[in-house]
Amino acid sequence: MTKLSFTLSPAALVRLHNALTCLSKFNESVSIEAEYDLLRLSVLNSTKTAYTAFIFDADKFFDKYSFTIGREYAAERNARSDRFCCQMYLKALLSIFKGKTSEKKDKDTAVERCEVELHEDAQQTECRLSIRMICGLGVIKSYKLTYEPATVQHAVFDRTRTINQWAIEAKFLRGIVDHFSPSAEQLDIYSDGNGKAIFTSFTTKVTDGKEILKQPIHTSVAIDRKDFEDFLVEDHLHVAINVKDFKAAVAHAETLNASVTARYSRPCRPLQLAYESDGINSEFTLMTRGEADPDDIPPSSRRVIRELSARQTPAPLVQPSSSNNNDTTAASNRDMPPPSSRRARPLTGTASASVCNPEPSMEAEPSRPSASIDFDNSLFVPADDDRQWDETNEEETTEDVLGWDASMDQETLHRYPEDSESRMFNRDMEPESETVTAEDEMGIPPTQRISQLHGLGLFD
Amino acid sequence: MDPIFSAVSSNVHQLYTLLQCIGFSPRATVQITPDGIRVSVEEGRVVQALAFLDKALFTSYTFRAPHGTIADNTGHSSEGNDNDGDAYPHFVISLSALLETLKIFGINDPSSTAQSRSTTSSMQQPTSSASNAFTAPSLLLDRSCTLQYLQPGSPLSITLSETGVKTTCELTTYEPEEDEADIPLQRDAIVMKIIMRSAWLHNAISELASTNPTILKISASAKREPFFALSGSGGPFSESTVEFSIDEQQQPQNGHVPPTTQTGHSRSKRTKMAPTVTETFLVNPPSSVGNRIKQDYRFALIRKAARAMAVANKVSIRGDRQGVLSLQFMIEFGDDASSGMSAGARAPGAALGSTVSFVDFRFVPLLDDDEVENDQADEEEED
Amino acid sequence: MRFRTQLANTVTFAKLTASLSSLGKICWMRLEADAIRFTIIPDQGTQVWAQLPVDSIFEESTYNLVSNSGVINLEVPIGALNRALRSAIGASSAHIRLTKKGNIPLLALTIISSSWTQGNNALGIVGNENEPAPTGDDTTTVTADHDGNNPRGPEGGAGPRERETVITQEVPVKVLHESVVRGLHEPRCRDPDVHIILPSLIQLKNISERFNKLATDANTSAKLKASSSITVSTMSLVSPKLELSANMHGSLKLAIATDALRISSVWSGLVNPPLDTERLSQTEIEQLPSERMRALASDDEAGWAKVRIDGKDWGRVLSIGRLSPKVVACFINETALILYVYLPGSWNGEESCLTYYINSYSS
């Protein structure tokens, strides 16, 4: 019988929740892998252009951690015998961990520790994960969740092969992304050779001549190389990634007060953002796009953008099921074991990547509605409460605002408005998005509304 | 002509807070009595709520019982009987409109009790900048609200006055439905009575709500653990339970301990076991069901009381043999022990000492498959 | 054709564009030698004709406008401009210029933002291991986390320093030929029946919003009662109409009526400002409709001029309150409401005026 159990302190609970929130920006379900010395949560997005993993150190992150694997499990899965994998809906997990973290108004019954237990028994059909929150005054909150057995895909990223690398505090990156339009899709990064690093957000939407005025703003932010802790980058080399992925990483890194290191080689090859803090190893492996020869056209020109999209911008090379578990590249990187999935289609950092595969999956992902619905309003909060002048959404105020989870980290919501859970909800419930925005605008405490409970798609 | 009823409040916020607790229904039945105003709502005959605006909440309260001539259409139907000669005015109004009107005084949605209480107890700034007028809760105190009901059939009129602007709202009064009946709680057959801080119930229900259950299961036993547990089931991903157990652990980090919490040692000597959070814990299940009371309710219905749970100080949870659940909320104005606000600064017009108000909810139980003995009469319609 | 200037009151400019963008997506921006005009003409709803002296939003000494006709007419996505301007709030300097990228004309904002950093990025600290790390500096923590990451580059500098960020925001615009805009004229209206200075706009806005809500709720609850279902369903589809009226005795009234309620808020003690009557003779002044209204008793119903306005649109109009202006409302009974919005500030208030034209709906 396979058994996993661990205990979280309240502080670790906050970090776990932050990680789950971040993961939820990439896909609906999370892969959970347990090993003897670590727990890994990872998500691969639907277009397989972004892979996010948080690796929690068994000793540093958890108060207690124990993992034993059943022999029959390993045999049955024909998988690596020292690892247990499963998959869960992020929303299910988030709904449990949400609001546990800052119950300021009820200090007496705040969570004191959280115990998680998983027993996998081959005889039992239903898989259950049990979570118990031991709170003050004898209050015990417990949950039973179902999970699905799964094989897990990992992105392959070979750090030793990256040529370019920079590292910078997350708060500086935060200062950059704040200027981007919420509807921007892509982020181009390059070094101008004059001591500046330039971050440009743009959108590759096809623009009809008449629709000029509907084009999103094109924003570029130049900061000094001095702001970086480390900056070893080929000048004028442009790489572009999805701006929302970048924002998700930055927002999370900021919760840890971390410094983010980016590593990449060249366009059409993956870029990895990584940071480590408080026993959590965070990695975002993102496919890049860009020009093979960056010198011929400056990227901030709209002309180029059109070319980029017209050219069927390069996609990640999809490697056919490389069930080769002894892949040397991967094996060389302990943190990134090779995929064991039969449908493994990893992002690749291996040699064959010199071909820019024109798979349409790299096109501006239609599966992600741009959150243009006025998150910009919350991005820049002026000193005075200018937002009281904005139009209030009557639908929003009509709602029965319950006191659910009024204790949820309001501060976080205000500091990272576009990254709060409301954002996650937005994806799945477009009609509600204005509600959420209006909520942000009005500065109402982030209570959960009945409509959200009803409108979560998955919960319906 | 003198109106049948006229009352002035210098603290609209209190009225708003109480009415908002039962604001789940857009329409409410109002009955004006010499002691106060009864405002009740119900939905589908499976949930019912009543807020009583005691005359003590008003600085002046004048009620002239109308002559018997109108008794035939203003029967006190909450007694289920139109002919008992009860001539108190009785009508239906739009509750949502009443709440919205009271909000014109700029009451922000007090989703937290601390916030709502602080609004009643701070009065530092005078009316100064207008941009402030809607955010500074203290200003509410300078305003007055007059309720008036002229004669049978008149609208219920609400007048709000503040510097420079006067708002008058006339709410159309409708005749109440004929066949209104209370959900009966058998007071002589109470099998469970639990009193605790309302915030803890609110917290538990919020907790369960996050997993979106359809059914709330209440389980209580005076003999065995779990003594008192609320579970949500029917949700898409998970089942969740909030259990109120005995806190065996010493908690030196917590400065204060609730009155019922003695040391773990003395507690263990008690013959009747009670969760730490409860002030009163009485469970006497009928002998037919053993020593544990289990009852299911529609979660969505219980959730309608969430606002009351959030603002109330205490809740009394009672259940009768039939499984009818009563939640009685005690809402205290002015006494800010829990929010830490100074109770000294109070509205000049408000009564000294704290005003205690009550809001009642009643719920019809879900039919429990295992307990066929339950009366199945009118429970099926709700499923 | 050239336009470039340094921005002066960025906050004013940002707030102005925010308020304008609530009324329409596209704004006609007319750059003249001594004034900037913003005009919003939505398909339906309130028109805005605004005129600001150059120095109210731009640094006059740097204002450089070159064009054959002496003016430049631009069609600007006002929301995008507002967004771009928000990057400039608090910046140390901000320029705006008309430029072109490929065939697309742009308003390009170049914003230089400086901030003070405690400095001592990881590199600096690691380089000086023997020195005590500065206390209370959160970068210290970061350094510790990156113990293994040996910084190699020469870029880092120790000690506090000024960080400079250069932000460019490019807003695509259309340049309009003078012939295109020649046909656009500011509406002309007859003399108002009542003119009055509005009370606190935030109070007015909040009460208006409650009224909108009441109108919507009333419809909903009426619907629940399933009475007069036809009128109710049609009513709920359209935005509520508020009745706004005023007299020449300092009173303003906002009202709505539905099946479930009748509600009104009455302000009193407001000011009916004198009109600019220099060019008029005494007789002409006496003939003004507003003077005739003033002659009526304060309790005379006939002394009130009334308009019916769209509640939602009205809320958007009132969003100009964020600039704390003085607003004179001119009522033309049952016809239109015209707001003259005078912005505060060091510049000449007379010149800095936004005019809102709001049509009255028939009842």
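Reply: To begin, Arg132(A) and Glu115(A) form a salt bridge through their side chains, at 3.8 Å from N to O. Please note that this is a predicted model.

Me: Which strands do Arg132(A) and Glu115(A) lie in?
Reply: Arg132(A) belongs to strand E8 (residues 128-135) of chain A and Glu115(A) to strand E7 (residues 111-120) of chain A, so the pair ties together parts 17 residues apart in sequence. Arg132(A) is partly exposed, at 33% relative accessible area, and Glu115(A) is likewise partly exposed, at 25%.

Me: What does Glu283(A) pair with?
Reply: Its salt-bridge partner is Arg159(A), with the closest N and O atoms 3.6 Å apart. Glu283(A) lies in strand E19 (residues 280-287) of chain A, while Arg159(A) lies in the loop between strand E10 (148-149) and strand E11 (164-169) of chain A, so this pair ties together parts that are 124 residues apart in sequence.

Me: And is Glu283(A) buried or exposed?
Reply: Glu283(A) is buried, with 1% relative accessibility. Arg159(A), at 29%, is partly exposed.

Me: What about Glu169(A): which residue does it bridge to?
Reply: Glu169(A) forms a salt bridge with Lys171(A), and the closest N and O atoms are 3.5 Å apart. Here Glu169(A) is buried at 4% relative accessible area, whereas Lys171(A) is partly exposed at 31%.

Me: Which residues of chain A are linked in a network of salt bridges?
Reply: Glu33(A), Glu35(A), Arg40(A) and Arg83(A) are linked in this way. Over all chains, the structure holds 37 salt bridges.

Me: Stepping back, how many helices and strands are in chain A?
Reply: Chain A has 13 helices and 19 strands. Of its 460 residues, 65% are buried. Among contacts in chain A with a separation of 6 or more, 71% are between residues 24 or more positions apart.

Me: New topic. How many salt bridges cross between chain B and chain C?
Reply: There are three salt bridges across that interface. One of them joins Lys213(C) to Glu100(B), with the closest N and O atoms 3.0 Å apart. The interface also has nine residue pairs in polar contact.

Me: Which element gives the most to the chain B side?
Reply: E9(B) does, with seven residues on the side that touches chain C. Elements supplying at least two residues there are helix H2 (95-103), helix H4 (130-133) and strand E9 (165-171) of chain B.

Me: What area do chain B and chain C bury between them?
Reply: About 2,000 Å², with 57% of it on carbon and sulfur atoms. The contact involves 23 residues of chain B and 23 residues of chain C.

Me: What does the domain assignment give for chain C?
Reply: It gives domain 1 (2-115 + 163-180) and domain 2 (194-223 + 238-359). Their C-alpha centres lie 30 Å apart, and the contact takes 19 residues from domain 1 and 17 residues from domain 2.

Me: How many salt bridges and polar contacts lie between those domains?
Reply: Zero salt bridges are counted between domain 1 and domain 2 of chain C, but seven residue pairs are in polar contact across their interface. On the domain 1 side, E4(C) has the largest share, seven residues.

Key:
Residues numbered from 1 in each chain as written. Chains lettered and ligands numbered in written order. Predicted model: local features only at pLDDT ≥ 70, side-chain atom pairs only at ≥ 80, totals over all residues. Heavy atoms only, no water. Domains from an automatic or database assignment. Contact = heavy atoms within 4.5 Å. Salt bridge = Lys/Arg side-chain N within 4 Å of Asp/Glu carboxyl O. Polar contact = N/O pair within 3.5 Å; in protein donor to acceptor, adjacent residues only side chain to side chain. Helix = DSSP H or I, 4+ residues; strand = E, 2+ residues; numbered from the N terminus. Buried < 20%, exposed > 50% of the residue type's maximum accessible area, 1.4 Å probe, protein only. Buried area = accessible area lost by both parts, 1.4 Å probe.
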